[in-house]
Amino acid sequence: MTQTYVVGQVADLPEGAHMVVEVRGRAVGVFNVHGQYYALPNACFHQNGPLCQGAVSGTVVATAETGWRRTWTAEGEIIVCPWHALEFDITTGQCLAYPKRRLPTWEVKVDGDTLTVLM
Amino acid sequence: MKSSTLEGHPLKKDGMVVVDVDVHAHETPAVLAPYCEMPWRKTLEHLATVPARYLDIPGFAPSIGLLPSFPHSGGDRRTTVTSAAQMRQDLDDLGVDIAVIFPDHLLSHAALKQDDYAVALARAYNRWLVEEWLTQANGLKGALIAPHHSPEAAAAEIRRYANHPHVVAVYLPTCAVDPLYGHRRYDPMYAAAQAAGLPVMLHSVTLVHPNFPFNLQGYETMFATHLLAHPFSLIANLVSMIETGVPERFPELKIAFTEGGIAWVPWIMLRMDKEYAERRREVAILKDRPSTYVKKMFFATQPIEEPEHLADMATLLTLFGGEDSVMFASDWPHHDFDHPSKVLQIPLSDTVRRKIMGQNAMRLLRLEKPQPEPAR
């Protein structure tokens, strides 16, 4: 049964910021990525590390288009688990090292001055 | 040999094709000299006068012979094959239909100094191989030596023989190679192999050059040196190729590892996956865990591990998709050769046996199934 939960004030979460809140007894990371809001579980599938307490950053890719050179990209869109540095795309929950592993994501809405999560 | 032939084996009678991805032709300085360009022909003519020992000729098969040894207990079994006809007869006795020929002494080729000399030797060997061993449709196939000393020269050799009907692979001498085979200087070689549709086969030997691969020169027995030098050299190069994304940059290139057994494969695969979880950014060229690439590589059986419970080998295969990537190899006629019957003793389904004894190699090497009565 999906319900709406208030997780904080819009002012609490400026662009580029993220925070961990408790929703229905569950730790959830809420992110503001380029003005869009996202929510992920604060638990890495790898060894259950506190994923959303990690740092938000970009990441490195290397493709044929750049002659296989390492290139920095996706600044502000990647959360890195503080335990073993597994990287996740905040906007999709996709794990970068494990193509078949994707975390659940929840919708975050702005309701006046407050932020709500649908869980 | 005759007493242990496979002719009576039910699968053999039922038409199973046996492909042996590792046998050795005995190339000496004397036989290569006529095929070698000047001035290095002079070197080979000189080396032909030097007393040779098993896989040990100064300046040709460099060996750091520091270790004392006891006589082998194997009696006086012949450990060289000096002609195509002799090889064909030996393979018939072993029950092998198709075999891929590697060199003897030039297993140490990567350790040779003087780039021009090493390239000339590789060219001479390749000419000799093609003209003396690969002249008939009799199941004898060959792997070209790619001299790592000059990747451009190696690429030229690959292009020269790309369409030869019996050249089926490119041999990368694996011991003492520096830098390791993942280095980008080798890209021309891999591009040429990929374009030619030829797999690269890394083949190891007991050669523990100082610092390669690690300080194994500190051991005091061949027991320790031989058992680790082979798999370590393969592991070091496999990791190098993963590190620089060779399988990503050359997606059609097929890669095979020869003469290290197979038990190390799941270990290094899982070890790389573990490391990758934490350090993906450093190897961002990879699109998935290293194991996904390892599972597309090929591995030759010899020296096949012989655990107390042979069924453990069947389990081992399941850890890295080995049913579709492991290929029988005998290493005939070397001291530690495996008879095909040893691999056939592993409790596997007949379907998997057929894959390992021939079909996987036929896929790697793009071989046609031999006719019922091949012309020999």
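Reader: What makes β6(A) and strand β7 of chain A a pair?
Author: Two strands pair if DSSP finds at least two bridges between them. β6(A) and β7 (residues 87-89) have three bridges, in the antiparallel sense, so by the rule of at least two they are paired. One place to look is Val80(A), which stands opposite Glu87(A) in β7(A). This is a predicted model, in which local features need pLDDT of at least 70 and side-chain atom pairs count only at pLDDT 80 or more, while totals for chains, interfaces and linings use all residues. Residues are numbered from 1 along each chain as its sequence is written, and chains are lettered from A and ligands numbered from 1 in the order in which they are written.

Reader: What is a strand here, and where do the numbers in the names come from?
Author: Strands (E, at least two residues) and helices (H or I, at least four) are DSSP runs, numbered from the N terminus. Chain B has 14 helices and eight strands.

Reader: What lies between the strands in the hairpin of β6(A) and β7(A)?
Author: Six residues lie between them, and Ala85(A) takes a positive phi near 70° in this hairpin. β6(A) (residues 71-80) is also joined by six bridges to β5 (residues 55-61) of chain A, running antiparallel. There, Val61(A) stands opposite Thr71(A).

Reader: Why are β1 and β8 of chain A said to stand at the edges?
Author: The open sheet has the order β1-β9-β8 (chain A), with antiparallel pairing. β1 (4-9) and β8 (108-111) each have a single partner strand, so one side of each has no neighbour in the sheet. β8(A) is joined to β9 (residues 114-118) by four bridges, and Val110(A) has Leu115(A) as its bridge partner.

Reader: Why is Leu180(B) called buried?
Author: A residue is buried if 20 or more other C-beta atoms, placed from the backbone, lie within 10 Å of its own; 12 or fewer make it exposed, and in between it is partly exposed. Leu180(B) has 20, so it is buried. Leu180(B) lies in the loop between β4 (167-173) and α7 (187-196) of chain B. Of the 376 residues of chain B, 49% count as buried.
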